[in-house]
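Colleague: I have a new model on screen. Can we walk through it together?

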Amino acid sequence: MIKMSEVFFKDSDIAIYKEETVMAQTVNKDMLIGEIIGIDPGNAAILMSHGMHCPGCPSAQGETLEEAAQVHSMDVDVLLSDINGYLAKKEA
């Protein structure tokens, strides 16, 4: 969970802050590769470290993580664990 504050109103003597809580995003096997990389570009490096060297290819934009894992004979649960672990560490 990330707390974000922004100035909602500011006068010379008074500043009012609007605070909201943003939950860290998690990835699931039904998400498109393009969506996963859009959440955090660091996810592309994780995919590549597992041997999936096509995060930037056009077909990846319409392919789910599960479909890509099947094509590359990978365990989608391992990919999910690594990606979501990375995202959780960034939140902390």
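**Walking through the model**

Modeller: Thr 64 lies in the loop between H2 and H3; helices (H or I, at least four residues) are DSSP runs, numbered from the N terminus. This is a predicted model: local features need pLDDT of at least 70, side-chain atom pairs count only at pLDDT 80 or more, and totals for chains, interfaces and linings use all residues. Residues are numbered from 1 along each chain as its sequence is written, and side-chain values use heavy atoms, leaving out hydrogens and water.

Colleague: Is Thr 64 buried or exposed?

Modeller: Buried means under 20% relative accessible area, exposed over 50%, partly exposed in between (1.4 Å probe, protein chains only). Thr 64 has a relative accessible area of 15%, so Thr 64 is buried.

Colleague: Which residues is Thr 64 in contact with, leaving aside its neighbours within four places in sequence?

Modeller: Contact means heavy atoms within 4.5 Å. With those neighbours left aside, the partners are Lys 29, Asp 30, Met 31, Leu 32 and Ile 33.

Colleague: How far apart are the end C-alpha atoms of helix H4?

Modeller: The expected span is 1.5 Å times one less than the number of residues. H4 has 16 residues (76-91), so it should span 22 Å. The model agrees: the ends are 23 Å apart.

Colleague: Which residues of H4 are buried?

Modeller: On the other side of H4, Asp 77 and Lys 89 are exposed. What covers the buried residues includes helix H1 (33-39), helix H2 (42-49) and helix H3 (65-71). The buried residues of H4 are Val 76, Leu 79, Leu 80, Ile 83 and Leu 87.

Methods. Helices (H or I, at least four residues) and strands (E, at least two) are DSSP runs, numbered from the N terminus.
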